[in-house]
Amino acid sequence: MGRAAARRSAVRTIQRRPCSNRAGTRIQQAPSVPALRRPLARRVALPPPASPSREPSRCCRPAASSIVLPCFPPRDRGARERELEKQASAQEMAGDDARSGAVAPAEEEPHVERLPADILAHVLSLLPSFHDLSMAGAVSRRWRRAVGRSLATRRRLSLAGQRTGDESTARLVRAAVNLRDLDICWGCHITDQGLLDISSAACVGNLTSVSLWGLAGITDKGVVHLVSRARSLQHLNIGGTFITDESLYAVADSCPNLKSIILWSCRHVTEAGLVALVNKCPELECINVGGMRVSPESFAGLQSISPALRIRSIPQILNADVQVA
């Protein structure tokens, strides 16, 4: 019994004293039976500790001053700041105008746009060149209408050397309703189709002077169709073309008021066409026959029909000096 009592006394002593391991770390005493019967404390889930291999040590972390932050270049940042300031000021002005009921002033239009339509048309009618007139018509719709009105007031129109085609020439002639003198000689790319389109214009019946000099693309078909509707014609220049007596017959039948005609270098015209022309045009005063294949005796016969007729052989170009006016 003595040994048993001593053993129990030693166990109680060990339970009361804290234990330590060889490394000197204090070991928590095992709870007694009454402590196990106490209610357990609430357990809280803690995040797992980071892996020491992935987390950089404190000595390896970059200093705050060495961290590079993204930023705009000084120039771009300044332009962006100015743009933002401009937008903010515009919004402030719009807000002030909306609160005060004021309307923002519109952009001031050029002084020429303030001109009335008739004055603008008169100004455009003073342009001496057809090229300038076509460029003015391409400015805006208002200017295009003004060009049309300026063409309606013109009495003379020269397209010499402008290289216009059938469609554009016919469109211009149709717009010039008060036209009296028409010059579409050398340089224009006019064919018989162009003369057919021009013949449908309202001004053709009032034309007193027409020059078709040097148009190599026209024949009797287009000339006959044009002169058959130009009954007020007084001056005609068809020199340098490939017409025949058929065109002269049409002129003699449709233009009784003809006063002068230029047939320079019309090598397909014969004496028969000239005689028909002189017989049916009593007011004919001058005729240019330079470069034709007609004998001088034929010209003497023409003067016997009309003694006052002047026959010239010098190459003259009718309306060659006429400009767009």
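Where is Arg163 found? In this predicted model, Arg163 belongs to the loop between strand E3 (156–158) and helix H7 (166–175).

**Overall composition**

The protein contains 12 helices and nine strands. Of its 325 residues, 31% are buried. Among contacts between residues at least 6 apart in sequence, 72% join residues at least 24 apart.

**Loop residues with positive phi**

Most residues other than glycine have a negative phi. Arg163 has a positive phi of about 60 degrees although it is not a glycine, and Ser265 likewise has a positive phi, of about 65 degrees, without being a glycine. Ser265 is located in the loop between strand E7 (260–262) and helix H11. The table sets out the two residues.

| Residue | Phi | Relative accessibility | Class |
|---|---|---|---|
| Arg163 | about 60 degrees | 66% | exposed |
| Ser265 | about 65 degrees | 22% | partly exposed |

Ser265 counts as partly exposed because its relative accessibility of 22% is not under the 20% limit for buried residues. Arg163 counts as exposed because its 66% is over the 50% limit.

**Helix H12 and its partners**

Helix H12 spans residues 296–305, and its buried residues are Ser298, Phe299 and Leu302. Seen down the axis of H12, these buried residues fall within an arc of 100 degrees, so they line one face of the helix. On the other side of H12, the exposed residues are Pro296, Glu297 and Ser304.

What do the buried residues of H12 pack against? Their partners are helix H11 (271–280) and strand E9 (310–312).

The axes of H11 and H12 come within 10 Å and cross at roughly 15 degrees. H11 is therefore roughly parallel to H12, since angles under 35 degrees count as such. The crossing of the two helices is right-handed.

On the H11 side, the contact is formed by Glu271, Leu274, Val275, Val278 and Asn279; these meet Ser298, Phe299, Leu302 and Ile305 in H12. By residue type, the contact of H11 with H12 divides into six nonpolar, two polar and one charged.

**Arg144 in helix H6**

Helix H6 covers residues 141–152 and includes Arg144. With a relative accessible area of 48%, Arg144 is partly exposed, because this value is not over the 50% limit for exposed residues. Arg144 and Ser134 are separated by 10 residues in sequence and by 8.8 Å in space, C-alpha to C-alpha.

How values were computed
Residues numbered from 1 in each chain as written. Predicted model: local features only at pLDDT ≥ 70, side-chain atom pairs only at ≥ 80, totals over all residues. Heavy atoms only, no water. Buried < 20%, exposed > 50% of the residue type's maximum accessible area, 1.4 Å probe, protein only. Helix = DSSP H or I, 4+ residues; strand = E, 2+ residues; numbered from the N terminus. Arc of directions from axis to C-beta. Contact = heavy atoms within 4.5 Å. Axes fitted to C-alpha atoms, helices over the stretch in contact; angles between N-to-C directions. Parallel < 35°, antiparallel > 145°, perpendicular 65-115°, else oblique. Left-handed = near helix turned anticlockwise from the far one by under 90°. Nonpolar A, V, L, I, M, F, W, Y, C, P; charged D, E, K, R; others polar.
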